[in-house]
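Trainee: I would like to go through this model term by term. Show it to me, and I will ask what backs each label.

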Amino acid sequence: MPGAGLKPVSLADIEATADRIRGIPLRTPLLRLDGATSPDIHLKLENLQPVGSFKIRGAANSVATLDAGRLADGIGTASAGNMGRAVAWLAHRHGIPCTVVVPDGAPAAKLEPMRALGAWIVEEPFERWWRALVDNGHPAVGGTFLSAFASQPMIAGNATIGLELVADLPELEAVVVPYGGGGLSSGIACAVRALRPDVPVYAAEVEGAAPFAAALAAGRPVDVELRRSFVDGIGSGRVVDAMWPLASEVLAGSIVVTLDEVRAALRLLAAGARVVAEGAGAVALAAALTGRAGSGRVAVVISGGNIDPPMLAEIVRPAP
């Protein structure tokens, strides 16, 4: 099974990954959210990465593991947008072919930058796209297919965020991370657990797309009804089986929020912090604001900022 055998990434591997990809992703700032007194929220701004999301970290590490022959054949992925943009950016940097399989209805804010970087876009119905994502392959993708989350190089790349969080906020008391496929939250949890085993790392999910919370309740991955929304970067109908053992081991739980709470978090980011986030990027802030991650110093990962401007304007527009 693709992705089978995923296990916690060691601190030594995470530190080696940080050295390997140094100079490609940014070391993003940690910004205290003014006015939030309880909890004391600090924003890890991965929306400021060159591709607008954290995906550049794991994608860069995945590409760095390929030998010259495999790299020359090109790279591809299945992605709702952010991983595809990261892979396209890296392919353009290396001058190699790139194919991205996307779900129907993927937002233009995520598709157009991929095309501009020279990626070939293959649009599929959601279920067929999800199967490519889970199986780590699609007939249209030549060269090496890069998993969006379920691979050790991806998880190790994501884990470098955890190194930065602990270094920049030593008095950290909790971390909240959006849960999509599980690679981001699990990677960060591996790093935080290695350095600060007393600090819990929580997954953040949105109602109608919260398979990890359902899996925790059942003790195993289960199917849930998926309701698609403006929170397009996370959510699925089931936790990927290959991710379940790792995610259930290293994550402290799941905080599920409503779409209205995500909208409020997006407005707070835009108006209060001058931060542009996509729906998935705001889910972790919405979760932290509930207080369920604790009332102390909470780091919130703003995973991405690739949102269609008209959608953001509609969300942040004051009610009449």
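Mentor: What follows is a set of questions on labels, each answered with a value and a cut-off. This is a predicted model: local features need pLDDT of at least 70, side-chain atom pairs count only at pLDDT 80 or more, and totals for chains, interfaces and linings use all residues. Residues are numbered from 1 along each chain as its sequence is written, and side-chain values use heavy atoms, with hydrogens and water left out.

Trainee: What makes the protein chain as compact as a globular protein of its length?

Mentor: First, the inventory: 13 helices and 10 strands. These are DSSP runs, helices being H or I with at least four residues and strands E with at least two, numbered from the N terminus. The radius of gyration, taken over C-alpha atoms, is set against 2.2 Å times the number of residues to the power 0.38. For 320 residues that rule gives 20 Å, and the chain has 18 Å, which is close, so the label holds.

Trainee: How much of the chain counts as buried?

Mentor: Of the 320 residues, 59%. Buried means under 20% relative accessible area, exposed over 50%, and partly exposed in between, with a 1.4 Å probe and protein chains only.

Trainee: What makes the crossover from β4 to β5 right-handed?

Mentor: β4 (residues 98–103) and β5 (residues 120–124) run parallel, joined by 5 bridges. Between them the chain passes through helix α5 (residues 108–116), and this β-α-β crossover is right-handed. The test: with the strands pointing away from the viewer, the path from the first strand over the helix to the second runs clockwise.

Trainee: What makes a nonpolar core, and how many residues has the largest one?

Mentor: A core is a set of buried Ala, Val, Leu, Ile, Met, Phe, Trp, Tyr and Cys residues joined through side-chain atoms within 4.5 Å. The largest has 81 residues, and Val175, Ile188, Met243 and Leu251 have the most contacts inside it. Helix α7 (residues 152–168) gives the largest share, 8 residues. Another core, of 36 residues, lies apart from it and includes Ile255 and Val275.

Trainee: What makes the phi of Arg274 worth a remark?

Mentor: Phi is positive there, about 55 degrees, although Arg274 is not a glycine. Most residues other than glycine have a negative phi. Asn136 also has a positive phi of about 55 degrees without being a glycine. At 22% relative accessibility, Asn136 counts as partly exposed.

Conventions:
Two strands pair if DSSP finds at least two bridges between them.
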